[in-house]
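Here is a chain to go through by question and answer. Please have the model open while reading.

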Amino acid sequence: MSRSPIRLTDSPISRAGFWWATCVGFVWGSLWSTGRVERRNGLFVFTGMPKWTFGRGGSCVGACYLTNRNDSDIVLGHEAVHKQQWLKYGMLLPFLYLLAGRDPLKNRFEIEAGLEAGGYLPKRRRPDAARRAR
């Protein structure tokens, strides 16, 4: 009889961690948000957060996105990828993200979510738009 290893990613364990993180993010956002709170791109978006309550331009915690006012559709697409990462890795995500490093240009989670959409690189102009500009 062989024993199968416990799966920590894409599993009931990671989903439990995702829901725990979502609860923590929801409580944190509810405590500190002074702006709109709405559901967009599958995320609970908390705006008007004091800058010390989140990292960089905003932070995704489970299915919650915490920010002051950085809530464009492009950014929320980026954050929706982070939500999927939370679903896959659960509570392992904060540790894996830390190990990936603070530099977003080298952090595999930021790269996967899209550096341009996350505001880490300037948006590239489409070739047809560049031709029209001439």
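Predicted model: local features only at pLDDT ≥ 70, side-chain atom pairs only at ≥ 80, totals over all residues.

Me: Is Trp32 buried or exposed, or in between?
Reply: Trp32 lies in helix H1, residues 12-32; helices (H or I, at least four residues) and strands (E, at least two) are DSSP runs, numbered from the N terminus. Buried means under 20% relative accessible area, exposed over 50%, and partly exposed in between (1.4 Å probe, protein chains only). Because its relative accessible area is 31%, Trp32 is partly exposed.

Me: Which residues make the nonpolar surface patch of about 550 Å²?
Reply: Patches are made of residues with over 30% relative accessible area and no salt bridge, where like charges are joined within 9 Å and nonpolar side chains (Val, Leu, Ile, Met, Phe, Trp, Tyr) within 5 Å. Accessible areas come from the Shrake-Rupley method with a 1.4 Å probe, and for residues only the protein chains shown count as cover. The patch is made by Val27, Trp28, Leu31, Trp32 and Trp52.

Me: What is the order of the strands in the open sheet?
Reply: Two strands pair if DSSP finds at least two bridges between them. The sheet has 4 strands and mixed pairing; its edge strands, each pairing on one side only, are E1 (37-40) and E3 (58-61). The order is E1-E2-E4-E3.

Me: Which residue in E4 is the bridge partner of Val45?
Reply: E1 and E2 (residues 43-46) run antiparallel and are joined by 4 bridges, with Glu38 opposite Val45 in E2. E2 and E4 (residues 64-67) run parallel, joined by 3 bridges. In E4, Val45 has as its bridge partner Tyr65.

Me: What phi does Asn41 take?
Reply: Most residues other than glycine have a negative phi. Asn41 is not a glycine, yet its phi is positive. Asn41 is placed in the loop between E1 and E2, and counts as partly exposed because its relative accessibility is 43%. The phi of Asn41 is about 50°.

Me: Where is Arg56, which also has a positive phi?
Reply: Arg56 is not a glycine, and its positive phi is about 50°. At 31% relative accessibility, Arg56 counts as partly exposed. Its place is in the loop between E2 and E3.

Me: How many residues apart are Asp71 and Arg36?
Reply: Asp71 and Arg36 form a salt bridge, with the closest N and O atoms 2.5 Å apart. The pair links distant parts of the chain, Asp71 being in the loop between E4 and helix H2 (73-89) and Arg36 in the loop between H1 and E1; the separation is 35 residues.

Me: Which residues are linked with Arg36 in a network of salt bridges?
Reply: A salt bridge is a side-chain nitrogen of Lys or Arg within 4 Å of a carboxyl oxygen of Asp or Glu, and the structure holds 6 salt bridges. In the pair of Arg36 and Glu38, the closest N and O atoms are 3.2 Å apart, and in the pair of Glu38 and Arg40 they are 3.3 Å apart. Asp71 is buried because its relative accessible area is 13%. Linked with Arg36 in the network are Glu38, Arg40, Asp71 and Asp73.

Conventions: Residues numbered from 1 in each chain as written. Heavy atoms only, no water.
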